[in-house]
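Have the model open as you go through them.

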Amino acid sequence: LRPRIMLTLFGPALVALAGAHWAGVPMHGSMRVLKLRNIAVHALSKSDDQTPIPARTSVYQTLSDSQITNIHDAADALFNVLDRNGDNSISEQELASHLLLARYTEEAILTLFQTLDVDSDGSVSRVELREAFVRHPPLRNAPAMGTLEKSKRAAVHVEADKIFSAINLNQDGLLSLQELQEYLAVTDGEEYVPAAVSKIFKTLDGNSDGSITPSEFRGGYVRYRAVRLALSRYQ
């Protein structure tokens with residue numbers, strides 16, 4: 001079955017109906033009703049360097065520091081994949097270019113974008129996306145956006161290794177930034193600028209030593225759904 005996501009806004013709750021399979025990984029059940037409550041509005045800057053940190057709400061009080069870090073990491077991985085032009089903000093077109101590949105409907109994408117863009121300025125900042133992931137738990141494992149459940153990751157290892165080999169042109173067992181740039185240069189829609197590719201590279205370079213090992217690549221590829229969709233689409 002083709003995955004179909006329909007997001008509809010009913011008052012304060014965003015209801016997501018999700019089902020079937022996505023990219024060969026089964027979803028739980030044929031339909032889920034996911035309620036996204038407490039949509040907070042913050043006046044947020046679009047600059048990563050100058051964006052103020054919103055006041056912590058009761059949502060944060062239920063999470064440990066490590067949980068918040070993991071949630072923010074997942075949001076950042078998605079942000080880095082979406083921000084093709086490297087301007088530190090996500091446009092509706094950038095969101096659509098990604099989610100249409102996962103067969104979200106245009107209506108669902110528009111509703112999702114309007115929910116993420118809490119200050120309604122026409123773009124989504126990194127902080128806004130992080131806040132959405134904290135306040136709306138269903139986003140954290142949504143198709144093409146969140147993380148894949150640990151119990152399902154082993155099934156994707158072979159696929160990850162295949163993609164690693166395709167990117168690693170000189171077959172030296174390490175991915176360089178240049179190799180990733182060349183791989184992502186063959187893309188539909190808006191091209192990834194060098195700054196954008198660099199951020200995706202940092203997402204995968206676990207120890208920040210300037211190269212990506214097979215283990216590091218596998219870890220990021222199977223964990224972050226957005227990374228998987230962005231890199232597997234060229235195969």
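1. Leaving aside residues up to four places away in sequence, L231 touches I163, I167, L180, Y183, L184, L204, F217 and Y221, where contact means heavy atoms within 4.5 Å.

2. A word on conventions before going further. The model is predicted, with local features needing pLDDT of at least 70 and side-chain atom pairs counting only at pLDDT 80 or more, while totals for chains, interfaces and linings use all residues. Residues are numbered from 1 along each chain as its sequence is written, and side-chain values use heavy atoms, without hydrogens and water.

3. In soluble globular proteins, nonpolar side chains tend to be buried together.

4. For the overall picture, the protein has 11 helices and 5 strands, taken as DSSP runs numbered from the N terminus (helices H or I, at least four residues; strands E, at least two). Of its 235 residues, 49% count as buried; buried means under 20% relative accessible area, exposed over 50% and partly exposed in between, with a 1.4 Å probe and protein chains only.

5. Helix α10 (residues 214–223) deserves a look. Its buried residues are E216, F217, G220, Y221 and V222, and they pack against α6 (150–153), α7 (157–167), α9 (194–204) and α11 (225–232). S215 is also in helix α10, but S215 counts as exposed because its relative accessibility is 57%. S215 and D161 are 54 residues apart in sequence, yet 9.0 Å apart in space, C-alpha to C-alpha.

6. Please check E179, in helix α8 (residues 177–184). E179 is buried yet has no salt bridge, and R218, the nearest side chain of opposite charge, is 17 Å away. Here a salt bridge is a side-chain nitrogen of Lys or Arg within 4 Å of a carboxyl oxygen of Asp or Glu; Lys and Arg count as positive, Asp and Glu as negative, and His and the chain ends are not counted. Not counting residues up to four places away in sequence, E179 touches I167, N168, L169, N170 and L174.

7. Lastly, P194 lies in helix α9 and counts as exposed because its relative accessibility is 55%.
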